[in-house]
Structure formats: structure tokens, C-alpha cells
Amino acid sequence: MPATSSSTKSHRKNPGSQSALRHLNQQRLIECLLSGPSTQAELARQTGLSTATVSNIVKIMQDAGLVSTEPITSSGRRALNVRLNSNGAVAVGIDFGRRHLRVVLASLGYHIIVEETVTLPLGHHAEQGISAAVALLNKLLLESGVDRSAVVGAGAGIAGPIDRRSGTVAQGAILPEWVGIQILERLEEALDLPVYVDNDANLGALSEVTWGPHSGISNLMFLKIGSGIGAGLIINGAPYYGAVGITGEIGHATIHEYGAICRCGNRGCLETMASTTTMIELLGKGSGLHLEPEDIVRNALARDPATLRVVDDAGLAVGRALGNVANLINPEVIVVGGPLAGLGDILLDPIRRGLVRHAVPVIGETTHLAMSSLGARAEALGAAALVFQHAGFKQS
């Protein structure tokens, strides 16, 4: 499935030190090996490097486990064939949340090499989040022993709509401090890697059809319920972006026209009734307690009556909005993700009731509703998958 959700710029040239030059040459060989094995002589012709240089670099890459070699006969002559190992190409997946940063390193075989999540302050600026991502990536590379030359690119998910015309974070983002930032350009400059950027819900959808159990599904919707509510769409086997890239803003579907004012300026949006922020506000009234999404999950699983009622009301509102979407696009599967994924059927049951009530009967009956099996890492894994798809890799 081609991923067309972001753009990239040419990898910036590094300073002319020996280590930087070797890194650049390793990247050139990896790019040549993306399309399949090649002999050292072919690699020299494709890159313009001398055969001695290619031989030296291949030896370094082989020692690092990036490539494997085997002797073959080519045009009647003995030659050394070079093959990129499945763990020899590494993608970085970055998920920028309202209060968290998650970075994963993943191999071509869709195996997580290492991952880590850190907390970001509420209201953090883009520069603060980007600096934290750079530091965490460097830390993970060092701890995992992954050579930076093996990294083919970084994917990044942003909690908000991205205007594909300008490459900026658009109004309506859960990260208002990021609005207007040329996120792609800034990330490429900071990470010194090819970068691909998308909305977090879109990456959640991509993760479900790559890392998740829905690889054979051509029409899928990923619904992320968190501080905001957004959806990523896979339609006819490809991500759907609309005219300017701002789709899936289901959190701003009007559910109650005389409801509370939403941050978007409208009244009664789904987000004002079913986001984790709203649930926390409702459950915290009069108690003086500061709750987190994990508290909602824990208390609901413990059968706390107030928490169960709040979750049930939110689920019914979500199901109503999904019914309208399902009537329009008729997805085969709707996957619910975000920090409340641990609720399982406690959240899915009211969503299902709302969906069946508000969708055309045959659509309500045939739309499969599931909780994401990827949990909180779905968006970061989707970001890594985005890199592999843009680099021309096939899932193995």
C-alpha cells in the first residue's frame, strides 16, 4: 500500500570529516541496495565510488551486521554479492503527543529494536519537543548499538491536522504551540535525516494495516480517543487525505448543537463530550483529584460506578458520530486506539450501541469494531512504517 502522507527533502550534506564522509558513503550503498542485492563492482558503478572504497565500506557494514556477502560468478568472473540484512535498515518512528514523546527504532522485518517514552510538559513548544526527540534518538542509537548509517529515515506523528500545501501544523491541533511551524523542514534540520510527517491518527491507521492484524483490509478507519479525537482513513487500500490533507476531524462533528463551546469555536462537538480531557473534568469535579487517562482505565476496570457512567456516555456519543461516518464511507473495520485502549469492551460496547443505532442497519451489522492491539505505540509504529514505504521496502 503506497503511503503518500508526507514529503521529504534531500538529505543534507554532512561536514567533510572522514567519519562524516564514511557515513554518507554507507548511506549511498544502502540506497543502492534497497532494490536488491548487488555486486561490489555494480555498487561502485552506481555510486561512482572506487572499488577499493566500496570494498572497505562493505567490510565495515558487514562487521556491523548491516549487510551479508556471498561469492558468486558474474559474467564468468568471481564477484562478491552484497545483500542488505533485514536488520540492516532501521526506521525511526516518533510520536509527539500533548504530554509525551515516544521514539521507536524498527527493523525492516517490522521488529522493534528499542523504544522509549518520556514526558513532555503540557503546553510545550515545538522546539522543546524536537530537542527532546533528538536527544532521545541519540540515546536509543547508543544503547542499542545501531549504527546511524543504518537509519534510512524518520517518521513523525503530530497530534493535529497538517496542511499538505504548506507542510505546517494547522489550526485545531491539540498542540497549539506547534501551529504554523514548518515541521518537516525543522525536523530534517534537527535530526539530519530524511523525514516524513503525518497526523497521528493517520499513522495509527497505517500501523493497523502494517504492524497490526488488519493487513488484508482495504477500507479501515482508525479512531484515536485522547485529549482530542481524530480519525485516520484507509480507503481502497490507500491513506485518504482529501484536498489539503485535513481529514478525519471527527472530534469536531456536532453531537449537541446547544452543547459546550469547543476549542474550535463551535458548540457541542464530539470532543467536548468524549475526549479524555472531558472525562477527567467530569470525574474530577468535587473530588479535587488530578486524574490521568490511566486512572480512567484502572477505575473502570475496578467497576467504579461514576467512571463506568462517564465512559458509557462518551462511548454512545462516539458511536453516534461513527454511525454518520460509516454511512458515508462504509468501512470494513473501525479500530479504536489511544490511551483508553485498555478499557476493551467497557468502551467498545457503548460505541457499538451508538454505531448500530445511528448507522443504516446493514452497515451497522457488517462493520467490525475492534480495539487496537498496538496500544499506545500505534502512532510511533505507523511512523516507522511510513519510512519503510517511502524508502521502497516491502514488508517481510
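Which residue in β5 is the bridge partner of Ile94? Keep that in mind as you open the viewer; the answer comes at the first stop.

**Before you start**

This is a predicted model, in which local features need pLDDT of at least 70 and side-chain atom pairs count only at pLDDT 80 or more, while totals for chains, interfaces and linings use all residues. Residues are numbered from 1 along each chain as its sequence is written, and side-chain values use heavy atoms, with hydrogens and water left out.

**Stop 1: the sheet around β4**

Select β4 (residues 90-96) and strand β5 (residues 100-107). Strands here are DSSP runs of E with at least two residues, helices are runs of H or I with at least four, and both are numbered from the N terminus. The two strands pair in the antiparallel sense over seven bridges; pairing requires that DSSP finds at least two bridges between two strands. Here is the answer: the partner of Ile94 is Val103.

Now widen the selection to the open sheet of five strands, in the order β6-β5-β4-β7-β10, with mixed pairing. At its edges stand β6 (112-119) and β10 (195-199), each with a single partner strand, so one side of each has no neighbour in the sheet. From one strand to the next, the twist averages 15°.

Helix α4 (residues 126-144) lies across β4, β5, β6 and β7 (151-158), running at about 35° to β5. Helix α13 (residues 378-390) lies across β4, β5, β6, β7 and β10, at about 140° to β4. Axes are lines fitted to C-alpha atoms, for helices over the stretch in contact, and angles run from 0 to 180 degrees between N-to-C directions.

**Stop 2: an aromatic pair**

A search of the whole structure finds one aromatic pair, and Phe96 with Trp178 forms it: the pair is tilted, with 4.9 Å centre to centre and 55° between the planes. Rings of Phe, Tyr and Trp (its six-membered ring) pair if their centres lie within 6.5 Å; planes under 30 degrees apart count as stacked, over 60 as edge-to-face and the rest as tilted. Phe96 lies in β4 and Trp178 in the loop between β9 (168-169) and α5 (183-191), so the pair ties together parts that are 82 residues apart in sequence.

Are these two residues buried or exposed? Phe96 is buried, with a relative accessible area of 0%, and Trp178 is buried with a value of 0% too. Buried means under 20% relative accessible area, exposed over 50%, and partly exposed in between (1.4 Å probe, protein chains only).

**Stop 3: Trp211**

Next, select Trp211, in the loop between α6 (200-208) and β11. At 18% relative accessibility, Trp211 counts as buried. Leaving aside neighbours within four places in sequence, Trp211 is in contact (heavy atoms within 4.5 Å) with Ala106, Tyr110, His111, Ile112, Leu374, Leu381 and Ala385.

**Stop 4: the sheet around β14**

Move on to another open sheet of five strands, ordered β13-β12-β11-β14-β15, with mixed pairing. Its edges are β13 (238-239) and β15 (368-371), each with a single partner strand, so one side of each is left without a neighbour in the sheet. Helix α10 (residues 305-329) packs on the sheet, touching β11 (220-225), β12 and β14 (333-337), and its direction makes about 160° with that of β11.

Zoom in on β14. Five of its five residues are buried, so β14 is largely enclosed by the rest of the structure. Val333, Val335 and Gly337 lie on one side, Ile334 and Val336 on the other. In a regular strand the side chains alternate between the two faces of the sheet.

**Stop 5**

Finally, select helix α8 (residues 276-284) and α10, whose axes come within 10 Å and cross at roughly 145°. The contact is made by Met279, Leu282 and Leu283 of α8 and Ala306, Thr307, Val310 and Ala314 of α10.

After α9 comes Arg303, with a positive phi near 65°.
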